[in-house]
Amino acid sequence: MGVAGLWEVLRPAGQTQSLTHLSVTQGFEANAGGRRGFRIGIDASIWFFHAAYGKEGENPELRTLFFRCSRLMSMPLLPLFVFDGPKRPSVKRGKKVGGNAHWLTTGMKNIIAAFGFEWRTAPGEAEAELAYLNRMGVIDAVLSDDVDNFLFGATMVIRNPSNTLSGNRAHPVKNADGRDDGNHVVTYRAADILSHDDIRLSQGGCILIGLLSGGDYHQAGVQGCGKLIAAALARCGFGDRLLEAASSLCREELEKWLDTWRDEVREELRTNKSGLIGSKKPALAKKIPDDFPDVDILLSYTSPITSETEGKPTRDITWEQEPDIGKIAALCELYFEWGVKDVIIKRFRTVLWPSAVQRILRRGAMEKDEKKRKGLPLSPKKSKTTGKLAPGTPSKMITKYFSSMKLHSPTKDREEQQYSDTESEAEEDRLIVKIHSSRRHASTDGILEYRLEIAPAQLVQLAGDGVQGIRPPIEVDAAFDETEGDDEDEDGGKQKGKSKGKKPPPDPESHLRVWMPACMVQIVEPELVEAFEDIQRRKLEKK
């Protein structure tokens, strides 16, 4: 979507990296704004388009959106979904745009809210609003496969890694081991696009390419002008001057200014004075219309309708909400044919529990940050029974942030509950039991990870309490043919893997092991890390 061929022009500036590595290093560790996450903006309409590929089961489109959200939840990402607003363009890509909201909007907003993500409705077009939010520093990047984000002034775009994109099929993104692990993306930064010797394009240059070779608002462009010639003219500075004039002149002054600018473009095509377009193009110079560019189309790029132009202050994005496990389970029961309690809990074991642990660690780190800021003690008290520090994340913190249901919640004052580590808390069941091993894997670009043993009993309880029993019971094994450890991918399809034959479903509360970024565990569970490293030192000493 967007300007055809522009991604190919920008490709040399793209940087391949693990989305996990990006979110951990530039989000959790960098900790801009104290949110311990990498803030990404997402155009909801693009996800609607991708959801159409979902074909399996009940509500296949929402199924696709659900698994994509669970994928985002597995990393320290802070997503903000933006929906098109009432003042979006009436015609796009040669088709009339309906004034009504997309039929998936309500279901998608329900899923977004349950996962604890943010959403907002733009006054106009979502991608223009996202570019504005990116430029203002409200979000760190836009996750999209639409190149038009750069025409609207975005500073960083993470190209959507979906395998359904033709560009991705032609240029699969692979990790250092040469594998397509589904976790690597290509990131593009406006500063790199401008500074790269083979590109040297600014926002104005990208707009000019869209006007000459065709874009969402006028697909035809100028007859005979392809993306390479358009890019060469942009490098001559015509796009920068066009953007400056459109931003500073009134419409009448702009139309007069365009007469001179248009003649200069034609002169460059006839003479190749700059030497940047390869050869003289007199025939193309004659094809530049006297009304090029259409002023309305130009202004759609340079002055799109956003919160800024509407004079509406940007609503504070707090990133304060966490996934509500009970609500997520309730939505699965409502929307999907496998939405019965036992099957939901079995599926969550592989689809949701690892992601929930990551989000719980992030919240635990934020609580540690807050305690440090207030000068409160960071370590829990020792148990009178064992004389040792109880390992793992306290269940009261999980109940407080990850469920709207009050399960065994203490009646303490909120401030005291948040910052007091009591003996009873040290005695209670914990989520994280032990660190078993460590690794540096190509899928995460080699960040240090720990293999955690977790006790999911509380997560199981939170999920179970969200299920209302509105569907008739079904056998767990009959719900789907996958073996334990396999599940649906982010697009709702079956993951590929070697079949090991059917196994009985595990006890929902039995322990399981998950890989987590070491930097998160080190902040939240330093005692577990110390115990693990002590064991590793003793092993080395024996050798």
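P293 sits in the loop between α14 (282-287) and α15 (295-302). The peptide bond from F292 to P293 is cis, with omega near -10°. This is a predicted model: local features need pLDDT of at least 70, side-chain atom pairs count only at pLDDT 80 or more, and totals for chains, interfaces and linings use all residues. Residues are numbered from 1 along each chain as its sequence is written, and side-chain values use heavy atoms, with hydrogens and water left out.

**Overall make-up**

- The protein chain holds 25 helices and 12 strands. Both are DSSP runs numbered from the N terminus: helices are H or I with at least four residues, strands are E with at least two.
- Of the 543 residues in the protein chain, 52% are buried. Buried means under 20% relative accessible area, exposed means over 50%, and partly exposed lies in between (1.4 Å probe, protein chains only).
- Take contacts in the protein chain between residues at least 6 apart in sequence: 77% of them join residues at least 24 apart. Contact means heavy atoms within 4.5 Å.

**Loop residues with positive phi**

- N272 is not a glycine, yet its phi is positive, at about 50°. N272 lies in the loop between α13 (251-271) and α14. Its relative accessibility is 14%, so N272 counts as buried.
- D445 is not a glycine either, and has a positive phi of about 60°. Its place is the loop between β10 (432-440) and β11 (448-454). D445 is partly exposed, with a relative accessible area of 35%.

**Helix α18**

- Helix α18 covers residues 353-374. At 1.5 Å a residue, its 22 residues should span 32 Å, and the end C-alpha atoms are 31 Å apart, which agrees. The expected span is 1.5 Å times one less than the number of residues.
- Of the 22 residues of α18, 16 are buried, so α18 is largely enclosed by the rest of the structure.
- G375 follows α18 and has a positive phi, near 70°.
- The axes of α18 and helix α22 (residues 457-466) come within 11 Å and cross at roughly 110°. Axes are lines fitted to C-alpha atoms, for helices over the stretch in contact, and angles run from 0 to 180 degrees between N-to-C directions.
- α18 and α22 are therefore roughly perpendicular to each other. The classes are: under 35 degrees roughly parallel, over 145 roughly antiparallel, 65 to 115 roughly perpendicular, the rest oblique.
- W353, A356 and I360 in α18 meet L459, V460 and A463 in α22. By class, this contact has 6 nonpolar, no polar and no charged residues. Ala, Val, Leu, Ile, Met, Phe, Trp, Tyr, Cys and Pro count as nonpolar, Asp, Glu, Lys and Arg as charged, and the others, Gly among them, as polar.

**Other helix pairs**

- Helix α5 (residues 105-114) packs with helix α16 (residues 325-335) at about 155°, with axes 9 Å apart. The two are therefore roughly antiparallel.
- G107, N110, I111 and A114 in α5 meet K327, I328, L331 and Y335 in α16. This contact has 5 nonpolar, 2 polar and 1 charged residues.
- Helix α3 (residues 44-51) packs with helix α4 (residues 60-73) at about 125°, with axes 9 Å apart. α3 and α4 are therefore oblique to each other.
- W47, H50 and A51 in α3 meet E61, T64, L65, R68, C69 and L72 in α4. The residues of this contact divide into 5 nonpolar, 2 polar and 2 charged.
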